[in-house]
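Student: Can you walk me through this one? I'm new to it.

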Amino acid sequence: MIKRISSGGAFEEKIGYCRAVVAGGWVHVAGTVGQGETVTDQCRDALNTIHTALTQARADWKDVVRVSYILPDANEFEPCWPILSDTFGANPPAATMIESGLIDPKYRIEIEVTAYLP
């Protein structure tokens with residue numbers, strides 16, 4: 001069975017995707033940007049959106065096994081470290097940070113996760 005989870009974001013309908021897909025015991029959460037002026041504001045907001053999708057899939061941060069961070073400026077990654085460390089706590093996932101352009105220049109971080117259902 002496949003379950004699709006939508007957050008109702010504007011890009012979901014424009015591009016044709018959903019926030020998360022649950023399939024075969026896995027939760028795949030699409031790359032998620034956040035709102036705010038600073039990279040840390042956007043990081044927190046993106047994590048909130050991701051957490052909502054995980055919750056709807058009946059998962060939580062401890063179930064995340066893989067995370068990718070995409071930033072247009074790699075120098076802005078370090079201010080996010082304390083937020084990410086607090087989020088994942090004693091259950092850190094495998095992680096990758098990629099420097100790349102995002103869909104709109106106002107976005108400073110995009111986060112994508114994969115979780116395994118408990």
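This is a predicted model: local features need pLDDT of at least 70, side-chain atom pairs count only at pLDDT 80 or more; totals for chains, interfaces and linings use all residues.

Student: What is a disulfide, anyway?

Tutor: It is a covalent bond between the sulfur atoms of two cysteines.

Student: How many disulfides does the whole structure have?

Tutor: Zero, from a search of the whole structure. Cys43 is in no disulfide, and the nearest cysteine sulfur to its own belongs to Cys80, 4.0 Å away.

Student: Is Cys43 buried or exposed?

Tutor: Cys43 is buried, at 0% relative accessibility. Cys80 is buried too, with 0% relative accessibility.

Student: New topic. Where is Thr87?

Tutor: Thr87 sits in helix H3, which covers residues 81-88. Its relative accessible area is 19%. Buried means under 20%, so Thr87 counts as buried.

Student: What does Thr87 touch, leaving aside neighbours within four places in sequence?

Tutor: Thr87 is in contact with Leu47 and Trp61. There is also a polar atom of the Thr87 side chain 2.8 Å from the backbone oxygen of Ile83.

Student: And Gly31, where does that lie?

Tutor: In strand S3, residues 26-33. Gly31 is buried, with 18% relative accessible area.

Student: What is Gly31 in contact with, again leaving aside neighbours within four places?

Tutor: Gly31 is in contact with Arg19, Glu110, Ile111 and Glu112. As for Ser68, it is 37 residues from Gly31 along the chain, and their C-alpha atoms are separated by 8.3 Å.

Student: Let's go to the surface. Which residues form a nonpolar patch?

Tutor: Trp26, Val65 and Tyr116. Together they have about 280 Å² of accessible area. Tyr116 is in strand S6, residues 110-116. Tyr116 is partly exposed, at 45% relative accessible area.

Student: Last one. What is the phi of Arg58?

Tutor: Near 70°, a positive value in a residue other than glycine. Most residues other than glycine have a negative phi.

Student: Where is Arg58?

Tutor: Arg58 is in the loop between helix H2 (39-56) and strand S4 (64-71). At 73% relative accessibility, Arg58 is exposed, because exposed means over 50%.

Definitions and conventions. Residues are numbered from 1 along each chain as its sequence is written. Side-chain values use heavy atoms; hydrogens and water are left out. Helices (H or I, at least four residues) and strands (E, at least two) are DSSP runs, numbered from the N terminus. Buried means under 20% relative accessible area, exposed over 50%, partly exposed in between (1.4 Å probe, protein chains only). A polar contact is a pair of N or O atoms within 3.5 Å; within protein, one must be able to donate a hydrogen and the other to accept it, and residues adjacent in sequence count only if both atoms are side-chain atoms. Contact means heavy atoms within 4.5 Å. A disulfide is a pair of cysteine sulfur atoms within 2.5 Å. Patches are made of residues with over 30% relative accessible area and no salt bridge: like charges are joined within 9 Å, nonpolar side chains (Val, Leu, Ile, Met, Phe, Trp, Tyr) within 5 Å. Accessible areas come from the Shrake-Rupley method with a 1.4 Å probe; for residues, only the protein chains shown count as cover. A salt bridge is a side-chain nitrogen of Lys or Arg within 4 Å of a carboxyl oxygen of Asp or Glu.
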